[in-house]
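Thanks for asking me to look over this one. Here are my notes, written to be read with the model open beside them.

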Amino acid sequence: MVLTTSSLFLHTLARVGITHVFVNWGSDHPAMLEELERQRETNGSHALTIVTSPNEMVALSAAQGYAQVTGKPAAVIVHVDVGTQALAGAVHNADRGRAPILIYAGASPFTTEGELKGSRNEWNHWFQGDFNFSYLHPHIQLTWSVDVHDQPAIVRQYMRYTAQISSPANLPHVVRRALQIATSEPKGPVYLWGRREVMEQEIDQSLLERPITLAKWPSVEPTALPSTATRRIASALLAAKSPLLITSHLGRNHAACQELVSLSQLLALPILLSCPSVINVPTSHPYLVGISYLTAGTHTPLLKSADVILVIDPEVSWVPMNKDKDGAHERPSETAQVFIIDSGDPLKRGIGMHHEEADLVCQADAAVALTQIQGAIVAVSDEVTLAPHERVERIRKMHDSWMAQLRDAESVPLLLSSSGGPVPYTTPQIVGALRTAIQASGVSREGALVLNESISTYPLVWSHMQPEIPGEVISSGGSSLGWALGGGIGAVLGGRVAKKGKGTGYELVTSIIGDGTFLFCVPASAFWMARRYQTPFLTIVLNNGGWKSPKLSMLGVHPQGHGSRAVGDQLTVGLGPDCPDYSQIAVAASGGWAWGRKISADLAWTERVRGSC
């Protein structure tokens, strides 16, 4: 029986809790393929669940969906520098979405004449070299130089940690350090790589018999607010006449959601969800006043009048230059006290220029910090008199008005256009119908998951799904389009592992995306994977004929310019006039396993007319 460094690598992943590995194999992985077949012949199965992914971005998106649902890291294996590059925008999403994922890429051989097992024997090995490299073997030491780019540099600025596997001797340590960092705040992806000769090196079985656990490699424990900061924030909230809470991704920590609700109820604090990527508070919470992705004129008017603003786990809290319809800036007043709390990166070190005017910036776990603040408030106050009646009524009316607007938007009847045909369905109508259908089907909230990558209609989908519990709706947490289909595959797999729904996984997973985003998702690969691994999910493509977001960006800068009068195809952001039948792409890619249909107001109108004849 031949065992290699690759045997030890796969063994280590399994021993430290990795269950799913999303793979795109290449010429740097012979030893891994050999080890997997050895496991199958010896044990009848693999120690890891191997998910073959024909596209690397889909692989990483699936790993992110898995991590988002389970709260546990997944692994991704790709091929040298080209596979690393093909991870594409999913690298950005995993970074910004703080998803713990271990990425491994091999590297082409550094020997050329058979000096070591795995030496270069294919033409492409000369194309996929790397930088100066020293290799320590039990009997020889080699140094090799090749003039191609530094492979880890491709993704290093997005990673929490990058490291080279240089020897089997300390491989378990390298893997555990990577996972310890990936699962500590700010969580995120890590990148390991190894030369083919290193991964082909034969090892003694005793290396696999050593205990390999995470027992002495714990994630960093959640941090608390300093007592001075706790008292300062509590005192300011108690004295506030017009307070405001803002959050984006507090709900990644499910325990923090209830603490946010409790603090809000304690003092009747209104909550604004700014660029949310998870559920932070139930839609029915009477002090939730809205959701905004910060398009000019969409922020809550409470921002300008607030005297105390507590920002917890934000992405972007406001856009300083944006103005409302009356020309007033949508940002806090100069006299407002602003307190910012972030669980992992309050200064946004990964963003070149980021600043929000603040009086206090703290790094602390949201659930811990909110519990501390509530404790400090209750300790110095009569709890019965904390929430001013006037504020209670005013904020409740704002919430009720917002909910009424949502109902009105969903109930707009099907109208005729100037040409005599029906106008297209609106996003509120579509999402409202989906929500109603899920409720009528008997699927519980715990058994349903929605992946929202609708982009230009982000806030509409969040609002009209009206989620109530943590984890009910998620997005990538980043801005690179193409996550939702791969994410759906990973979410279904993760739901089974996490025993979602009735204990066997989600009853329904739905990905809501735009037509441009659908193409970014590499649907041929995604739906092939869905069939191969039996991960069914509903995909709703909101077809607006192209990429609406670039046109909206143009209008934000040139509202009366030449392009303001042009349609999408003229602006080269349209996919018409002959748009693909996106549903049939899914059907074809899955070999007929998927069911797909184009639904439009035109079709519905035609069917209605035929029914009346």
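1. **Ground rules.** This is a predicted model, in which local features need pLDDT of at least 70 and side-chain atom pairs count only at pLDDT 80 or more, while totals for chains, interfaces and linings use all residues. Residues are numbered from 1 along each chain as its sequence is written, and side-chain values use heavy atoms, with hydrogens and water left out.

2. **Salt bridges, and the pair R160 and D95.** A salt bridge here is a side-chain nitrogen of Lys or Arg within 4 Å of a carboxyl oxygen of Asp or Glu. By that rule the count is 17. In one of them, the side chains of R160 and D95 meet at 2.7 Å, N to O. R160 sits in the loop between strand 6 (141-144) and strand 7 (161-165) and D95 in helix 5 (residues 89-96), so this pair ties together parts that are 65 residues apart in sequence. Helices (H or I, at least four residues) and strands (E, at least two) are DSSP runs, numbered from the N terminus. R160 is partly exposed at a relative accessible area of 24%, whereas D95 is buried at 8%. Buried means under 20% relative accessible area, exposed over 50%, and partly exposed in between, with a 1.4 Å probe and protein chains only.

3. R98 forms a salt bridge with E185, and their closest N and O atoms are 3.9 Å apart. R98 belongs to the loop between helix 5 and strand 4 (101-107), and E185 to the loop between helix 6 (171-182) and strand 8 (190-195), so the pair ties together parts that are 87 residues apart in sequence. R98 is buried, with a relative accessible area of 11%, and E185 is partly exposed, with 37%.

4. **E410 and R435.** These side chains meet in a salt bridge of 2.8 Å, N to O. E410 is in helix 13 and R435 in helix 14 (residues 427-441), so the pair ties together parts that are 25 residues apart in sequence. Both E410 and R435 are buried. Returning to the previous point, salt bridges that share partners join R98, E185, D342 and K348 into one network.

5. **A buried arginine without a partner.** What surrounds R391? R391 lies in helix 13 (residues 389-410) and is buried, yet has no salt bridge. The nearest side chain of opposite charge, E390, is 6.5 Å away; Lys and Arg count as positive and Asp and Glu as negative, with His and the chain ends not counted. Leaving aside neighbours within four places in sequence, R391 is in contact (heavy atoms within 4.5 Å) with A240, K241, P243, L267, A268 and L269.

6. **A268, one of those contacts.** A268 is found in the loop between helix 10 (254-267) and strand 10 (271-274). Phi of A268 is near 55 degrees, a positive value in a residue other than glycine. A268 is buried, at 0% relative accessibility.

7. **Helix 20.** Which residues of helix 20 (residues 582-589) are buried? They are Y582, S583, A586, V587 and A589. Their cover includes helix 17 (515-520), helix 18 (523-532) and strand 18 (538-542). Just after helix 20, G591 takes a positive phi of about 65 degrees. D581, in the loop between helix 19 (548-557) and helix 20, is partly exposed at 35% relative accessibility.

8. A cis peptide bond joins E185 and P186, with omega about -5 degrees, and P186 is in the loop between helix 6 and strand 8. Q534 has a positive phi of about 50 degrees although it is not a glycine. Q534 is found in the loop between helix 18 and strand 18 and is partly exposed, with a relative accessible area of 42%.

9. **P550 and S456.** P550 lies in helix 19 and is partly exposed, with a relative accessible area of 40%. P550 and S456 are 94 residues apart in sequence and 9.5 Å apart in space, C-alpha to C-alpha.
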